[in-house]
Each structure stands twice: as C-alpha cells, then as structure tokens.
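The sequence and model come first, followed by notes grouped by topic.

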Amino acid sequence: MRFPLHITTDNMKTMMAQARAGNTRYPMVLMLEPLYTCNLACLGCSTERHTGKLRDRLSVEQCLQAVDDSGAPGVSICGGEPTVYPELKELIDGIIVRQRHIYLCTNALLLDTKVFDVIPPHKRLTINVHLDGMQATHDYVCDRQGVFDKAIEMLRQGKKRGYHMITNTTVFKETKMEEVEELLKLLSEVGTDGVLITPGYDYESVERDIFLEKKETEAKFKRVLELSKRYRVTSTPMFLEFAAGMREYNCSPWSTVTYTPLGWKGPCYLIGQKFYETWDEFWNGVDWKYWESRQDARCQNCKMHSGFETSAVREASKNPRDLIQLAAWNFLG
C-alpha cells in the first residue's frame, strides 16, 4: 500500500462523517507549528523561522487543544524545526492517544538524539525528512555543508529501527529534473516509504526569486508525473496531473489549517493575512468562498498540495474511472 491502512481508513471515516453531517468544508490536515525556532536558515524559508525564540513556543496544552479543535485526522508537526521543541515526546504521545496520524517534518540533524533515542516507532508516526536535491543542491539550499549526508544517514537508520520514513522535496525555478530523478533513485535504494514532491510556491514572506511561475510548474511536473510511475511518489495521480496543467481544480484552503505561536493562520498555510486567537474566530472569520475561487493575486501561481490534494480526491469520488485509478495507486503502489 502507498500509505499505512489506518491513514486511508481514518481519512475515509472523516469524509463520510462530514458528509453525513452535511459539511462541505472540514480540515484533513493540521499544520502544527509549535515553535518558529530552527537550527538552519534555509534559503527558501520564511524569515520568522530564522529568528524565532524558543521561549515563544506553544505549550503542549495549546498544541493538543488545536488538535482537538480542528478534528483533522492528520497532524503535520513542523515549524521551525520540531526536534528542537523540548516537549516533543509529550506532544507526540498526546496526539497518538487522540488516534491522529503524525507527520514529523524535520531536517534530520537531530533525529538520532531527539527522536530515535527517545520516541519509539509507532504506526501513527511518520518521519518526513526534507530533501531539496542531491548533496550539492541540498546543502546549498540549507546554507550548511553536511546536511544532505546526515539526512541520508538518518533515513537509513530510521528504516533499520522500524520507523515509517518519507521525504519531502520542493521543486524550485532552478531545479533540474534529472537531479530529481537521481534523488528518487537514491531514496528507492535507501528504502524510503514515500516521496512527496511539491512545487516551490510564492511564499508570502520570502523575497528570493526562486519560485515557479504557473507554466514552469506545469512543465516540471509533467516530468514528475512520468517519474511517479516508476518511483514511490506519494502525491495522487490526479494532483500530479493538476500540477502538470492537465486538470483544473478549485482550492480547498480549509482542508489544511495552520496553528502557530501567533495563533490560527488565515487563510492558508502560505498566506498569513490574519492570525486568529481562537478556532471559532478563524473558522468562521475566513471568507472560504473567496479563497476557494483562486481569484486573489497571491494565488495565481500556487499549485501547492496543501490546497489542492483534497480537491483532487473529492473530485475523484465523482468519477468512477478516477476512483479506480486512485484505489490502484494506493493499494497497489
């Protein structure tokens, strides 16, 4: 299977329960940022993650309240660098008790000491290591030598220790697709459980000219679509066809909600137009219809999985051919 069975069943249960309740908008993933503190200052990251102070982190109680408020079956713990969060084990234990699946997004520098030696493998824990290319490219993006080698070492060690290990790669303007293929081949040899490949987006608080225009995304993701037939890429075929310009979807900004030390970030993970103190203020305060329409100027080049993967799955449920393709991709992949 492409994903552990409980992830698929949990997602299906959530969607069916929401449909029975008559809800058309509901979170599927909570992007939980317990802190902005990071041990790297990567070129493609927003500035607050370069300057976040550890003392300004969320408490475990605040994090778990956000998990409860959102009701999302998946929780992506990001940041900042979550392995720097002192209460990480307590947080992970609390999310597992709530029967949510965790994606721990990390640069892998502290995986051995802060996770492998402290937090045992669990079926509801996936470790997601960020890799933006092979050694020279990744170390350049991270602005530090040796990060790539440590990440590959941690992927190998994680697999040996019994963790579910995946990776996340962002495709930027200068990304060579031959290098993406080389990386996929290496990760296949390492035994990585999956690879998420996402287009570099116009992150609101990053000013570097490294991101893709819409046509550039489509050209590069035609190649990703081809590679997904040979390697364990975790994006659905429908999303990859959308990224490649072969399909069109409205956005589902409500499907991936973000909680940070500043509060609930609206309208989406990429655009912090406003931060809300409470869940109710956030959920009822964002004009979802407007942001779904993609008419805002900041949405024109975006093809991020956080906004469109749920759209792809929901539209697939209306088309028997897509449903069969989706089931084959998941269960036979």
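**Surface patches and a buried lysine**

On the surface, D69, E277, D280 and E281 come together as a patch of negative charge. The model is predicted.

**Negative patch**

- E277, one of the residues gathered in the negative patch, sits in the loop that runs between β9 (272-276) and α11 (279-285).
- E277 has a relative accessible area of 67% and is therefore exposed, since the cut-off for exposed is over 50%.

**Lysine 220**

- Helix α9, residues 214-227, contains K220.
- With a relative accessible area of 14%, K220 counts as buried, because buried means under 20%.
- The K220 side chain reaches a backbone atom, the oxygen of T175, at 2.6 Å.

**Nonpolar patch**

- M1, L5, F331 and L332 make up a nonpolar patch on the surface, and together they have about 430 Å² of accessible area.
- L332, one of the residues in this patch, belongs to helix α14, which spans residues 320-332.
- L332 is exposed, at a relative accessible area of 72%.

Notes:
Residues numbered from 1 in each chain as written. Predicted model: local features only at pLDDT ≥ 70, side-chain atom pairs only at ≥ 80, totals over all residues. Heavy atoms only, no water. Patch = residues over 30% accessible without salt bridge, like charges linked within 9 Å, V, L, I, M, F, W, Y side chains within 5 Å. Areas by Shrake-Rupley, 256 points an atom, 1.4 Å probe, with all protein chains shown as cover. Salt bridge = Lys/Arg side-chain N within 4 Å of Asp/Glu carboxyl O. Lys, Arg positive; Asp, Glu negative; His and termini not counted. Charge placed at Lys NZ, Arg CZ, Asp CG, Glu CD. Helix = DSSP H or I, 4+ residues; strand = E, 2+ residues; numbered from the N terminus. Buried < 20%, exposed > 50% of the residue type's maximum accessible area, 1.4 Å probe, protein only. Polar contact = N/O pair within 3.5 Å; in protein donor to acceptor, adjacent residues only side chain to side chain.
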